[in-house]
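Please look through the sequence and the model below.

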Amino acid sequence: MKPRRALMLMLLGCICSWMQAAPAPDGRPNVLIVLTDDQGMGDFSCYGNPVLKTPNLDRLRGQSVRFTDFHVAPMCTPTRGQLLTGLDAVRNGATSVTGGRSFIRPGIPTMPEMFAAAGYRTGLFGKWHLGDNYPHRPVDRGFQEAVHIRGWGFTSAPEFANTLWDGRYLHNGVEKKFTGYCTDFWFDRAMAWMKERREARQPFFCYLPLNAPHIPLDAPKKYTAPYEATALDAPQKYSYEGKGPAKFFGMIANIDENMDRLETFLRDTGLRDNTILIFMTDNGGTAGVKVWNAGLREGKTTFYDGGHRVPCWIRWPAGGLGEPRDLSTPTQIQDLLPTLLELCGVKAPASARFDGLSLAGLLHGRGQLPDRKLVVQYSRARLEKWESAVIWNQWRLVHGKELYDTTADRAQSADVAEKRSDIVAQLRAHYESWWKELEPLSGGFVTTSLGAAAQPVVNLTSSDWQDVYVDNSRHVRQANGGPRGGHWNVRVERAGEYEVSVRRWPPEVDTALAAPNGTPSRALPITGARLMVAGHELSAKAAAGDKAVTFRARLPAGPTQLQAWFTDRAGKDLCGAFYATVQLLP
C-alpha cells in the first residue's frame, strides 16, 4: 500500500471513530431506563438466587451505583405513574392497575414532556399501562415514538388474545404485527431508534419498560430448558398460578441476554459513556419468591418489603459518579425524575412539583439527603386509609399498626410495635398528615375522552370500569363483574350523535355474544343489551349470532358515565359489556 493511501485510510478511520463516539452537540447525556415487570429482588444471581443465572445483569450491577433501600409501589401502574411524574400515586391519580384508576391526572407534566421540551427525542418501547385512550396514550403524554402494548400486557382484557410470539402492538397509535418473541422485539426497536438518534446527533430519553417476566409465563425453549430440567415445576413447593417458575426464570434469562445485546450496542455505537442507564424492577417478586426472595418478606401486592423494595442501579461512565458502590439511604422511585432533570440540566416547568428529591448529590458523593419519611400506598380499587407502608430509615410501619426494624430483622418476622411505641407514634403522625392532604384526591376519577379529534374511535374495555377488578382475559371468559359490570368515566369532547357498539368479546376474536371463547369460558343466553349514558337509558335486541349490539344517542359535551350490559329473554341482567366502541357520527 502506498504511504499516501495508508495515511488517508488512517485519517478516515480516526474521523469515523470520532464521529461514532461523538456526543450530542451540546454534550448533554442520553437517558435510558430499563424497567422489568414482576421481577423481585431475589430474581438475580447477584442477590443469591441458587438456581437462576443472570451474568449480564450481575455485570451491570457491578458497574453501577446501587440504591440498596429503594422503593416502588407493590404493583405496575402506580410505579409507572410515580416514575414519570415524580409524585405519589394518590397525588398523580394512577393508584391502581385497573378500576378506572390507572390514569395520570391532566395537567401534571411528565418526564417525557419535560425532556421533549428541552430538545430531547423521546421514545417508549414495551409496556405503558397508564391508559389506552386519549388523552392518556404515550403519544399524548410526551413520547414522540411509542411502540407498545395495551393494558398490563398480553392476555389482559385490552390484549385478550394477543401472544408473546408474532403478536400485535401499537406504533404511534396504529396497530401493527411484530415478528418473533416480544422481549427481543422491544430491545430491537429501542436499539434501532437510539441508533437513529445517534446518527442525527440528537440527545434522547429512551424508556424500555418490558412486559417480561410478567404472566403469561413463557420464553423460547433455549432459555426455559435449563430450568425445566430441574424440580422447579413441582407445584406443591413452588406453585405460582398453578405452575412452577421454570418459564419465569427462562423469561429472565432472555432479558439477561438482551441486556448483553444492549451493552454491546451501546459500546459499538459510542453511546455507552454518555448515557445514563437506569435498571430497576416495577414491584416485588412473583413466580420466583418461593425459590429465593433475597431475605425479604412476601412479594407483589403486599406492603412488606418484598412487595416494594427493588433493585435500582445507575450507570453513567462519563458522569463523574465515582466508583461503583452501594448507597443505603432509603430512596423511592419518585426521586428519579428530579434526579434526571438535575443530571441532564433539564428545567422543570413552573407548574411542576415533586414528592421525590434529587439524588444527584448522593450519586456524585456530595452530602446526604435530609431526614424524611416515605409512604408507599396503592390499591386495586378504592383507596383505604392505612393501606400502606411508612418508611423511615430502617423502620417500616405496615398497615398503620405493625412495626419492623429491617436492619435487625430484614425478613420482617418480629413486630416490635409494642416495644417501640414512640416510633409507631411518629410514623402514624406522619401518615395522618400525608393522608389529610391527599385523601380528598383519592375519590376523584380521571376521564377518558370521547369524540376528540385526536382519537375519533375509542375502544373501551372492562379494565377501566370504576372500582371493578375485571382486567384479565379469564375474568372476561368467566363473565366476572356482576350482572351489570361497571361504568366508564368519560368526557364528551364534542356534542353530537354518537354510535356505541357494545360487545362481550373483543372484535379481533370474532365470537358471537352468547357463545363461549376459550377455556374456561361461559356461554350466556344473551338476547339483548342495555345502555346508560348522559341521561339516556336505551335497550336493544340481539339476534342469534350477533357479535355486537349498536346504539345511537345524542350526547352533550362534558363529563358523564357510560355503562352497558347484556340481558336474557326475560330481561334478566347477565353481565357487563366488557368492550365498547364509541365514535362521533358525521
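In which loop does P213 lie? P213 is in the loop between β8 (204-209) and α7; here helices (DSSP runs of H or I, at least four residues) and strands (runs of E, at least two) are numbered from the N terminus. This is a predicted model, in which local features need pLDDT of at least 70 and side-chain atom pairs count only at pLDDT 80 or more, while totals for chains, interfaces and linings use all residues. Residues are numbered from 1 along each chain as its sequence is written, and side-chain values use heavy atoms, with hydrogens and water left out.

Most residues other than glycine have a negative phi, and most peptide bonds are trans. The bond from A212 to P213 is cis, with omega near 0 degrees. Another cis peptide bond joins I215 and P216, where omega is about 0 degrees. P216 is also found in the loop between β8 and α7. A294 is not a glycine, yet its phi is positive, at about 55 degrees. This residue, A294, lies in the loop between β9 (275-281) and α10 (305-308).

Next come the helices. Two packed helices are described by the angle between their axes and the distance between the axes. Axes are lines fitted to C-alpha atoms, for helices over the stretch in contact, and the angles run from 0 to 180 degrees between N-to-C directions. Angles under 35 degrees count as roughly parallel, over 145 as roughly antiparallel, 65 to 115 as roughly perpendicular and the rest as oblique.

Helix α6 (residues 182-199) packs on helix α9 (residues 246-268) at an angle of about 15 degrees, with the axes 10 Å apart. The two helices α6 and α9 are therefore roughly parallel to each other. Contact (heavy atoms within 4.5 Å) involves residues of α6 including F187, M191 and M194, and residues of α9 including I255, M259, L262 and F265. By class, this contact of α6 with α9 has seven nonpolar, three polar and four charged residues. In these classes, Ala, Val, Leu, Ile, Met, Phe, Trp, Tyr, Cys and Pro count as nonpolar, Asp, Glu, Lys and Arg as charged, and the others, Gly among them, as polar.

Helix α9 also packs with α7 (residues 221-228), at an angle of about 135 degrees and with the axes 8 Å apart. Helices α7 and α9 are therefore oblique to each other. Among the residues in contact are Y223 and Y227 of α7, and F249, G250 and A253 of α9. The contact of α7 with α9 has five nonpolar, three polar and four charged residues.

A further partner of α9 is α2 (residues 55-62), with an angle of about 55 degrees and axes 7 Å apart. This pair, α2 and α9, is therefore oblique. P55, N56, L57, R59 and L60 of α2 make the contact with D256, E257, M259, D260 and E263 of α9. By class there are four nonpolar, one polar and five charged residues in the contact of α2 with α9.

The last topic is empty space. Rolling a probe the size of a water molecule over the atoms shows where empty space is left. On a 1 Å grid over the protein atoms alone, a cavity is a set of points where a 1.4 Å probe fits but cannot get out; a pocket is an open set with protein on both sides within 12 Å along at least five of seven lines, and lining residues have an atom within 4 Å of a point. Grid points are joined across faces, edges and corners, and a volume is the space filled by probe spheres set on the points.

The largest pocket holds about 460 Å³ of space. It is lined by 25 residues, and the closest to its centre are N133, R150, L170, E175 and N459. Strands β6 (168-171), β19 (457-461) and β27 (579-584) each supply at least two residues of the lining, and β19 gives the most, with four residues. The lining of the largest pocket divides into 10 nonpolar, eight polar and seven charged residues.

The structure also holds five cavities of 30 Å³ or more. About 100 Å³ of space lies in the largest cavity. Of its 14 lining residues, S102, H129, D132, G151 and S463 are the closest to the centre.
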